[in-house]
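Student: Could you walk me through this structure? I am new to it and would like to take it step by step.

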Amino acid sequence: MPNAAIQRGLLKLMLKLPALRGQLQLLGAKNLSLSSLCEAYEEASSMLDRQRRLDPLDHSMISEYELICREIEEEVISICIIDSGREPSPL
Amino acid sequence: MEARNAGLAAQCGVAECDARAALDRVLADSQFHATERHRKLLRYLVDEFFAGRSGQVKAYTIAIDVFGRPASFDPATDPIVRVEASRLRAALTQYYETAGEKERLRIELPKGNYVPHFATSGLARGPSETADATETGSGQEEPTDVASAPVRRPRRPFGVIAAAATGLAAMAGAFYLSVVERLPWQPVLSAKPTIVIDVPAGSGTGGEEQRKAGDYLIHALSQFSAIRTLAPAPGVDVASVTGWVASAPQVKLQGSKEYRLSVAYSADVKEHQVSWQVVDAQSNEALRAGTVKADIDNGDAQAVQEKLLARLARSLAGEEGVIVSLEAARQLLTPSIGYGCVLLADVAASRIDPEGLASAHACLEQSVTYQAADPDVLASLAMVLVATGEASASPTVAARAVKLADKAVALAPQSSQSYIAQMQARFVTGDTEAAFLSGRRAAALNPLDDAIPARLGLLLFVSGQYSEGVSLARVAEVGCEYLHRDAALTLALEDYRNGKYREALKRARQLANPADTAVNLLRIAAAGQLGLTREATSALDGLHWNKVGSTRSIERELAARGYAPELIALLNEGLGKAGVRLAGLY
């Protein structure tokens with residue numbers, strides 16, 4: 001189950017950050033930080049989707065989870081940047 | 001249970017002092033890319049571990065204690081704890097893989113529970129490895145059954161603890177100063193401060209007096225939107241102003257500094273007296289204390305009590321009040337976005353400090369991107385757009401200020417600050433009557449805040465409604481320890497308008513602030529009327545209007561800021577006598 005959540009989170013991040021798809025796919029298998037973030041992203045984005053469907057809307061909850069999702073995306077980008085710096089691309 | 005927790009410590013082979021030092025190092029390292037939330041969570045988990053309470057740490061307790069969720073929190077519907085624990089785990093892993101690579105003692109957060117693991121170099125195990133042993137299998141992290149009894153802690157001399165605490169505070173200060181700029185995606189968010197009223201229970205008549213005083217003080221403080229007011233016991237309605245409903249147990253708001261206000265009320269036939277003390281709820285440090293007294297002259301004890309407590313509330317939570325000053329000082333030491341920017345803006349606006357306003361503006365813009373629905377931030381941004389002169393220079397900016405203020409009003413219809421922002425934004429767009437309506441609503445929402453009639457009075461006065469403006473300035477003047485700048489300027493302008501130039505000049509001198517153009521203009525004009533050319537010249541030297549990108553003359557600027565033509569003409573007359581032409585001033 002958690003592995004499935006990690007996988008779903010990774011796919012969602014690949015959709016959200018298309019420029020990093022290749023790198024995410026490679027890192028997803030070996031980077032423990034990225035796995036944790038994928039899992040967190042799956043939970044947070046699902047929660048955000050649920051909140052956006054509620055009536056009436058809980059704006060503070062939506063803002064909070066929007067912020068969390070945005071922060072996770074930034075954290076994932078920084079992991080990719082650090083990784084690119086560490087292992088220069090063979091191309 | 002105790003054996004098991006102690007066993008864990010022994011298994012780690014790590015002394016508590018070493019573990020705590022490792023925690024301090026990671027928290028103080030700017031390379032540890034974790035949000036304030038994660039830092040709080042990590043510290044909490046380590047504290048609970050060494051207090052022997054790891055077994056009691058569940059998603060629910062973390063949500064309440066660390067994330068400020070209400071008592072009704074349900075981990076099944078709100079995954080906040082699992083999400084943040086995963087992010088913390090990622091931040092720790094990332095840190096020890098990069099910057100903290102050489103760290104001898106590593107703190108890990110294995111998956112499946114909320115018990116930290118301390119691994120010495122070479123013995124470190126990956127989180128996934130631990131996960132295999134403790135995974136709950138449900139995808140929802142709940143701790144496995146871990147011991148909860150206290151672990152025996154080594155005795156340490158107090159001096160060592162104090163030195164470590166001082167060092168930690170210094171490191172934390174340095175970290176905070178760097179965090180806002182260096183980690184743009186991980187801002188430190190702050191919220192408005194919380195005051196918990198603490199009125200010691202008494203018995204008999206004195207006890208009843210105390211209780212009544214406590215109730216009225218909660219009512220008075222809750223009208224000020226600069227703070228969150230919590231009653232000492234559940235069941236007291238503070239929602240009327242803050243929009244937050246008290247429930248048991250009291251909920252801590254993330255990023256909100258908590259203060260405890262202890263109040264002792266005493267009354268005799270001659271006078272009423274209230275002694276107060278503001279205490280830092282975390283450190284128990286007494287920050288400010290004082291005594292306020294009032295004589296019973298008309299025999300109405302209740303009126304005296306209410307007046308006394310209203311004065312206390314104003315001096316605590318009003319503009320430049322004790323709590324606001326403490327928070328502003330804290331913001332300077334540990335910059336944050338969110339409510340911290342609101343404080344910066346308040347301080348800069350009260351000092352008419354153009355540089356401060358510019359940095360508060362940038363801070364608020366950043367906050368809005370993270371907290372698009374925070375009424376305090378929106379209202380403050382609207383007020384800053386007006387105060388910097390941007391709104392009067394550009395109709396687009398003015399429209400934005402109105403929109404921001406309208407949103408603040410929609411989000412916090414019980415907050416007087418939202419209506420003040422709406423008043424100022426509407427006034428600058430020329431909707432004066434609508435602006436005055438907003439101002440009156442603000443005054444009705446918080447009749448205790450003397451800054452509201454002062455601000456409204458000045459706008460009424462400069463727009464030509466002199467008598468109403470003056471009467472509001474006098475309202476602000478009565479029962480006040482210091483006179484609000486807007487009320488003082490209104491009264492000075494009134495003196496000038498009535499030909500009382502000497503009085504007007506005296507008031508303008510008292511308000512001396514080189515950056516305050518309106519006051520300086522009045523000073524030049526009054527000096528001109530009195531033939532004091534030297535004073536007029538020196539005031540002229542310091543004159544510059546706080547405006548952004550505008551090349552309009554000060555005369556046109558005054559008109560754009562809503563000054564009535566008659567008032568501008570009167571000022572021009574005095575300036576002419578001082579040898580200055582208003583239309584020629586830029």
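**Where the two chains meet**

Tutor: Chain A and chain B bury about 2400 Å² between them, and carbon and sulfur atoms give 54% of that area. Buried area is the accessible area (1.4 Å probe) that two parts lose on being put together, summed over both. This is a predicted model, in which local features need pLDDT of at least 70 and side-chain atom pairs count only at pLDDT 80 or more, while totals for chains, interfaces and linings use all residues. Residues are numbered from 1 along each chain as its sequence is written, chains are lettered from A in the order in which they are written, and side-chain values use heavy atoms, with hydrogens and water left out.

Student: Glu71(A) meets which side chain in a salt bridge?

Tutor: A salt bridge puts a side-chain nitrogen of Lys or Arg within 4 Å of a carboxyl oxygen of Asp or Glu. Between chain A and chain B the count is six salt bridges. In the one made by Glu71(A), the N to O distance is 2.9 Å, and the partner is Arg87(B).

Student: Which element gives the largest share of the side of chain A that touches chain B?

Tutor: Helices and strands here are DSSP runs numbered from the N terminus (helices H or I, at least four residues; strands E, at least two). Across this interface, 10 residue pairs are in polar contact, both at pLDDT 80 or more; such a contact is a pair of N or O atoms within 3.5 Å, where within protein one must be able to donate a hydrogen and the other to accept it, and residues adjacent in sequence count only if both atoms are side-chain atoms. Helix H1 (2–16), H3 and helix H4 (59–86) of chain A each give two or more residues to that side. The largest share, 15 residues, comes from H4(A).

Student: In chain A, where is confidence highest?

Tutor: Confidence is given as pLDDT, the predictor's value for each residue, from 0 to 100. Chain A has a mean of 87, with 91% of its residues at 70 or more. Helix H2 (residues 21–30) is lowest, at a mean of 88, while the highest, at 94, is helix H3 (residues 32–53) of chain A.

Student: Is Gln529(B) buried or exposed?

Tutor: Gln529(B) lies in helix H23 (residues 517–529) of chain B, and its side chain makes a polar contact with that of Tyr496(B) at 3.2 Å. Buried means under 20% relative accessible area, exposed over 50%, and partly exposed in between (1.4 Å probe, protein chains only). Because its relative accessibility is 15%, Gln529(B) counts as buried.

Student: Which residue stands opposite His117(B)?

Tutor: His117(B) belongs to strand S2 (residues 117–120) of chain B, where His117(B) and Ala119(B) are buried on one side and Phe118(B) and Thr120(B) on the other. Strand S1 (residues 105–108) of chain B pairs with S2(B) in the antiparallel sense over four bridges; DSSP must find at least two bridges for strands to pair. The residue opposite His117(B) is Glu108(B).

Student: How many strands does chain B have?

Tutor: Of the 586 residues of chain B, 53% count as buried. Its secondary structure comes to 26 helices, and the strands number eight.
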